[in-house]
Amino acid sequence: MAMYISLLQFTEQGIRNNVKDTIKRAAAATAEAEKMGIKVTDSFWTMGAYDVVLLLDASDDAAVTAFALKLGALGNVKTQTMRAFRRKEMEAILAKVK
């Protein structure tokens with residue numbers, strides 16, 4: 001499984017109508033991710049430019065992209081997702097650098 005880091009920002013709608021339900025929304029998002037073959041390994045509510053950080057394990061970029069689009073379509077958050085490489089993966093990548 002590949003690891004991804006998803007940075008979420010509450011939209012105006014997400015703050016105005018639903019911020020008090022953020023824990024419930026996170027549980028629903030985790031359940032939806034599982035239906036899509038994605039595991040949310042951890043969730044963090046943060047201060048600064050992003051409001052929530054998700055750590056995800058997924059089979060491929062397409063699965064994570066579909067999940068991010070589904071979240072965004074609800075209108076409560078905007079997402080920015082990055083592929084993250086674990087140490088062993090990075091070692092393999094660096095071994096190819098000549």
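Visitor: Among contacts in the protein chain between residues at least 6 apart in sequence, what percentage join residues at least 24 apart?

Guide: This is a predicted model. The protein chain has 4 helices and 4 strands, in the order β-α-α-β-β-α-β-α along the sequence. Of the contacts between residues at least 6 apart, the share that joins residues at least 24 apart is 65%.

Visitor: Which elements give two or more residues to the largest nonpolar core?

Guide: The largest nonpolar core has 17 residues, and Tyr4, Leu8, Ile38, Leu54, Leu56, Phe67 and Leu71 have the most contacts inside it. The elements giving two or more residues to this core are strand 1 (2-10), helix 2 (22-35), strand 3 (52-58) and helix 3 (61-73).

Visitor: Is alanine 49 buried or exposed?

Guide: Alanine 49 is in the loop between strand 2 (39-45) and strand 3. Its C-alpha atom is 7.6 Å from that of glutamine 9, 40 residues away along the chain. A residue counts as exposed when its relative accessible area is over 50%. Alanine 49 has 56% relative accessibility, so alanine 49 counts as exposed.

How values were computed:
Residues numbered from 1 in each chain as written. Predicted model: local features only at pLDDT ≥ 70, side-chain atom pairs only at ≥ 80, totals over all residues. Heavy atoms only, no water. Core = buried A, V, L, I, M, F, W, Y, C linked by side-chain atoms within 4.5 Å. Buried < 20%, exposed > 50% of the residue type's maximum accessible area, 1.4 Å probe, protein only. Contact = heavy atoms within 4.5 Å.
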